[in-house]
Amino acid sequence: MKTKIYDIQKFNDQAMAHIKEAADILKKGGLVAFPTETVYGLGADALNPQAVAAIYATKGRPSDNPMIVHVAGMDQLYELSSLQSEVITKLTKRFWPGPLTLVLPKKEKVPDVTTGGLSTIAIRMPDHPVALELIKQSGCPIAAPSANLSGRPSPTKGDHVIEDLNGKIPMILKGGNCRVGIESTVLDLTSEIPTILRPGILTQGDLEMVIGDKVVLDPALDRKKHQEILSPKAPGMKYTHYAPKAEMIVIRGNQDRVRIEIERLKKVNEEKGRIVGVILFEEQAFRQAAHDFFAKLRLLDDQGVDLILAGALNDENPIGFAVMNRMLKSAGYHIIEV
Ligand code: TXA
Ligand code: MG
């Protein structure tokens with residue numbers, strides 16, 4: 001399939017025509033990759049089961065993994081979910097458009113394939129003019145997971161999408177580099193206490209402040225549990241999320257010791273003839289780390305490295321925690337404590 005690629009930099013007439021063309025593809029059940037402020041998405045009409053099924057097939061994604069549905073306004077939200085609450089109002093007023101996904105009970109008309117068979121639906125309003133215009137022009141809520149092949153790092157630049165999906169879908173809209181760089185915070189509002197299922201740039205504290213009540217982390221994200229998974233007794237656990245092609249090791253501990261250990265491992269491995277890449281962020285630059293992380297993984301893969309050595313961020317910081325959630329998965333939980 002020939003993929004049309006449009007780079008939308010300014011909102012002139014030509015750009016609007018390109019977005020209109022993309023919207024027509026969506027209306028007819030086709031797929032379009034588009035930019036959001038978090039990562040690029042691979043979109044289809046969320047209410048068209050065949051179109052949504054094509055996303056799974058294109059990405060090679062397991063079909064029980066539900067997608068996020070992107071909307072451009074509150075009216076569209078209430079078309080998909082009948083739940084109305086003060087918490088929803090507070091959160092959407094403060095954080096939409098933005099990197100917050102809400103898990104809510106779904107209405108009957110939402111096809112099972114969109115929600116992976118669940119009775120709930122994940123919804124967000126993205127903070128990117130191209131994404132918002134595309135949703136408005138198409139008139140449909142857009143189901144979109146990240147626009148990478150399953151298992152590859154999420155795409156934060158148009159070129160990443162081209163790398164993974166060129167020739168596989170009818171259209172890619174480029175719209176610059178994603179401002180946030182990691183996927184949205186996913187908050188479940190169907191549990192008794194609002195629960196963060198996936199950490200992101202909007203933190204537990206941010207959400208609690210706006211709700212004025214407690215928010216909890218899904219126990220599956222618990223740090224102590226990570227420790228158990230990380231225990232050297234279970235080195236064989238395989239996670240294929242966000243994986244670079246290279247082997248990856250996370251080095252965690254005191255920042256000075258981390259630097260020394262990375263230098264040492266780099267030297268040892270280079271002496272064996274391996275090409276070694278390093279990911280080491282400034283200690284307090286958590287937002288920068290979120291912005292750069294996936295792009296760094298792809299860059300090192302492009303450079304053909306055999307081994308990536310990554311310095312852990314302080315996960316006491318909630319954004320550091322969100323980046324570490326991705327970093328540890330990328331490394332298949334392979335970690336060295338120093
Ligand atoms: O920032 C983002 O959220 C990006 C951009 C494109 O908007 N999208 C994204 O989608 O990251 P995806 O499909 O890669 O991740 C969706 C996450 C998955 O972890 C999925 O399991 C969870 O949201 N999810 C979706 N629907 C859910 C539901 N009904 N209940 C619980 N989790 C759900
Ligand atoms: Mg993804």
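This is a predicted model: local features need pLDDT of at least 70, side-chain atom pairs count only at pLDDT 80 or more; totals for chains, interfaces and linings use all residues.
Before you start: residues are numbered from 1 along each chain as its sequence is written, and chains are lettered from A and ligands numbered from 1 in the order in which they are written. Local features need pLDDT of at least 70, side-chain atom pairs count only at pLDDT 80 or more, totals for chains, interfaces and linings use all residues, and side-chain values use heavy atoms, with hydrogens and water left out.

**Exercise 1. Describe the surroundings of ligand 1.**

Step 1: Find the shell. It holds 23 residues, and the closest are Thr38, Arg61, His70, Ser184 and Arg198; a residue is near if one of its heavy atoms lies within 4 Å.

Step 2: Sort the shell. There are 12 nonpolar, 7 polar and 4 charged residues. Here Ala, Val, Leu, Ile, Met, Phe, Trp, Tyr, Cys and Pro count as nonpolar, Asp, Glu, Lys and Arg as charged, and the others, Gly among them, as polar.

Step 3: Look at the strands (E, DSSP runs of at least two residues; helices are H or I runs of at least four, and both are numbered from the N terminus). E4 (68–70), E6 (120–124) and E10 (195–198) each supply at least two shell residues, and E6 gives the largest share, 4 residues.

**Exercise 2. Find side chains with an N or O atom close to an oxygen atom of ligand 1, as in Arg61.**

Step 1: Apply the cut-off for a polar contact, a pair of N or O atoms within 3.5 Å.

Step 2: Read the distances to a ligand oxygen: 2.6 Å for His70, 2.9 Å for Arg61 and 3.3 Å for Ser146.

**Exercise 3. Is Glu271 buried or exposed?**

Step 1: Compare with the cut-offs: buried is under 20% relative accessible area, exposed over 50%, partly exposed in between (1.4 Å probe, protein chains only).

Step 2: Glu271 has 59%, so Glu271 is exposed.

Notes
A polar contact is a pair of N or O atoms within 3.5 Å; within protein, one must be able to donate a hydrogen and the other to accept it, and residues adjacent in sequence count only if both atoms are side-chain atoms.
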